[in-house]
Amino acid sequence: MLPEVEGGLNAAACCPAEVQIPCTQGLDAIVQFTNTDKLHQKLLYLQCIPAAATSTKYDDNVDVLLPLLEELGHDEDQPEEVKLEIAAQLPALGRILHDQQQSSDCEPEDGSNHLLRLVNLAVHLLEDEEERVVLASQTAVLEIAPWLDHTQLHGILLPSLDRLMLCPEHEIRSAVTQLYAHLGPALLSSSEGTLAQNADAIQGVLMQHVLDQAEDMDFQVRREVAIGLAVLGATLPAEGHHNSLLGAYVTLCSDRVWAVRKACADILPEIAKLANAETRETQLLPVFDKFCEDVSHWVQTSALQQLGPFISTLEAHHIPQSLLQRVIAIPDLEVTGDEASQLRLATAFNFPAVLASAGQEKWPQLRPAHSKLLQDREPAVRRTLACSLHELAALLGAERALADLGPAIQDLCRDKHPDVQEGLVNFFPALLAKLPCESRASFFQTLTQSLSLECATWRCRIGLATQLGSLASLEGLQPDILPIAMMLCQDPTAAVRSAVAKQMGLVVCALWPYQQAKQGSSTIQAADTHKEDESSQLANGVRDISLHQTENLHQHFHDSDMQNEIVRCVHSLVSQDSYQLRQQFVEVCYHVANACCELQMTVFRTHFMPAMLILSQDHIANVRLALARALRLLRSSELADLPEVLGTLDVLARDKDSDVVNCVKQQPCHKIEPDN
């Protein structure tokens, strides 16, 4: 994939005061101001070309815009910023002309001729000295070329590129080699024009163009050939081309310049995917060993960084012990600097792929290297391993994962670096799902204890909050979820409170039937006055709850009826002195109501809605506004016509706060889905 390049500078943001900002985008204005001597003025109106072309007839675009761009693009005295802006606007203009031609009476041949003029302009700009202009021109050719017909492609575009390959400047030859490589995939992926049926033949022609440059005198061109082999090879038809590609690749692997060999090392996994098992074993394995013994440190490092992806292309019985030994040795390599940390990071990232390819039976050999990487001083390495533990657990199986990865999971749960914590939290449900049910609670409790307010950043807590819905659905965690959910509902950071509120519907849906399933009961009773008194008492107990103070509450929940505890804990928010927690209560109730597709709606009406509606009398306007927003969202549900809801809306419609009144008057909107 070619590097992305932005258009010219943001002329509107930095133009002098005397420059006229475009208020119209007509062709006359563009012609007038692109011929000015004021650079910013010219750039501003060049940026207006797509908008002007969209609102202009096809014939006028062809008669006015094309000659204007051709004149400016071929003017060698134009500043580089102007050439860059012209090249950047060519793809958009090409798309507009193509669409307009499709819907007009213009002959298809005429339309493609006009597009060819844009391609020719882009090819001319490939010779520019400014790298950004060249990149923008390459992009223009790649995006417009699929709309050319077969004759224009073979008779005009490719010969034009061939002529550029004769230029003495290696920069131009490198740019054209890049273009050869990327043009094939661009044509093949396009479903437009007449090229789809000729795509395979075109691929072969372009591959030969790339191979012809493998012996170029300049190493930068040969390096682009090596990179281009992987790009073209990924979309080549299997028959008739891979042998020549592999032959050229093996030759370049012995190039006299280390930069070419490094480029070959970087693409080894992509080349290996194109080869059959015999070729990988007889040709590519020796090439990899040669890279690892190369005189250039950069070639060696690149090869080792590709070790994991290369192993993943091999079948288990074709993976030599020498490759696994290289993986095992990486944590102990006596290499310093950024290259060493990047090498360990790449090894950590690819560890699941290596194990998947080598098979479970190789885990005892690989486990020491994994353990050493878990103790790496670089947080990025430990974070990468934390993000992939669920993949290893899936490969090893639940019991073996618990035995071999259990200590590592506990260590990562206690890791104090926020990046590592975030990585572990983001994949924690997937990890616990791969472990035996009876072990999940221990790991969950260790993690939540380490995410105390004193130790964890709010990003870690918001990560945990967004995972609560998934965690609550895992068997073995139900008694431990509610205390953590209530702690996060009272978090000092608003983003954390909002995130956990969105998950509370899923949490309640998962926990509500928990006690029923254990005790075999099938009905619930409405909360009575005694429960409300208990709720008030519990509020005093959990008002100042924090992560490291939930241990007693865990035991209380284990011994109590889950449904009563859910009601008590959620109602504890409305009993608080803080208006922010009363707002939180409203948001939690709204998301519980949204989740009632899995609960009977009577659960929400009986246990949550009465206390929520009472807040229409709250003395804090923000609480009443939160209630108004929740009811506005619920007005599209079956609750909308209930007398108590209508009465509350009538009260809020006469509220003394104008924001509350305006919110009630707004149209109902769609419900908010919880984040996954």
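1. Basis. This is a predicted model, in which local features need pLDDT of at least 70 and side-chain atom pairs count only at pLDDT 80 or more, while totals for chains, interfaces and linings use all residues. Residues are numbered from 1 along each chain as its sequence is written, and side-chain values use heavy atoms, with hydrogens and water left out.

2. Overall composition. The protein has 39 helices and 0 strands; helices (H or I, at least four residues) and strands (E, at least two) are DSSP runs, numbered from the N terminus. Of the 676 residues, 54% are buried, where buried means under 20% relative accessible area, exposed over 50%, and partly exposed in between (1.4 Å probe, protein chains only). Among contacts between residues at least 6 apart in sequence, 72% join residues at least 24 apart; contact means heavy atoms within 4.5 Å.

3. Phe 288 and Phe 310. These two residues form a stacked aromatic pair, 5.4 Å centre to centre and with 25 degrees between the planes. Phe 288 belongs to helix 16 (residues 277-292) and Phe 310 to helix 18, so the pair ties together parts that are 22 residues apart in sequence. Both Phe 288 and Phe 310 are buried. The criterion is that rings of Phe, Tyr and Trp (its six-membered ring) pair if their centres lie within 6.5 Å; planes under 30 degrees apart count as stacked, over 60 as edge-to-face and the rest as tilted.

4. Phe 604 and Phe 608. This aromatic pair is also stacked, with 6.5 Å centre to centre and 20 degrees between the planes. Phe 604 counts as buried because its relative accessibility is 0%. Phe 608 is likewise buried, with a relative accessible area of 0%.

5. Cavity count. There are 2 cavities of 30 Å³ or more. A cavity is a set of points on a 1 Å grid over the protein atoms alone where a 1.4 Å probe fits but cannot get out, and lining residues have an atom within 4 Å of a point. Grid points are joined across faces, edges and corners, and a volume is the space filled by probe spheres set on the points.

6. The largest cavity. Its volume is about 60 Å³. The lining includes Leu 304, Gln 305, Leu 307, Gly 308, Val 327 and Ile 330, and also Ala 346, Thr 347, Asn 350, Phe 351 and Val 354. Helix 17 (297-305), helix 18 (307-312) and helix 20 (338-358) are the elements that give two or more residues to this lining. Helix 20 gives the most, with 5 residues. By class, the lining has 7 nonpolar residues, 4 polar and no charged; Ala, Val, Leu, Ile, Met, Phe, Trp, Tyr, Cys and Pro count as nonpolar, Asp, Glu, Lys and Arg as charged, and the others, Gly among them, as polar.

7. The second largest cavity. The volume here is about 40 Å³. Phe 604, a member of the pair in point 4, is one of the lining residues, together with Met 609, Met 612, Leu 631, Leu 634, Leu 639, Ala 640 and Val 645. Two or more residues of this lining come from helix 36 (609-614) and likewise from helix 37 (621-634). The lining divides into 8 nonpolar residues, no polar and no charged.

8. Ser 302. This residue lies in helix 17, one of the elements that line the largest cavity. Ser 302 counts as buried because its relative accessibility is 3%. Its side chain is joined to that of Lys 262 by a polar contact of 3.5 Å. A polar contact is a pair of N or O atoms within 3.5 Å; within protein, one must be able to donate a hydrogen and the other to accept it, and residues adjacent in sequence count only if both atoms are side-chain atoms. Leaving aside neighbours within four places in sequence, Ser 302 is in contact with Lys 262, Ala 265 and Asp 266.

9. Gln 78 and Pro 91. Gln 78 is found in the loop between helix 5 (58-73) and helix 6, and its side chain makes a polar contact of 3.3 Å with the side chain of Lys 42. Pro 91 lies within helix 6 (residues 80-102). Pro 91 and Glu 143 are 52 residues apart in sequence but 6.1 Å apart in space, C-alpha to C-alpha. Beyond its neighbours within four places in sequence, Pro 91 is in contact with Ala 140, Glu 143 and Ile 144.

Note on methods:
On a 1 Å grid over the protein atoms alone, a cavity is a set of points where a 1.4 Å probe fits but cannot get out, and a pocket is an open set with protein on both sides within 12 Å along at least five of seven lines; lining residues have an atom within 4 Å of a point.
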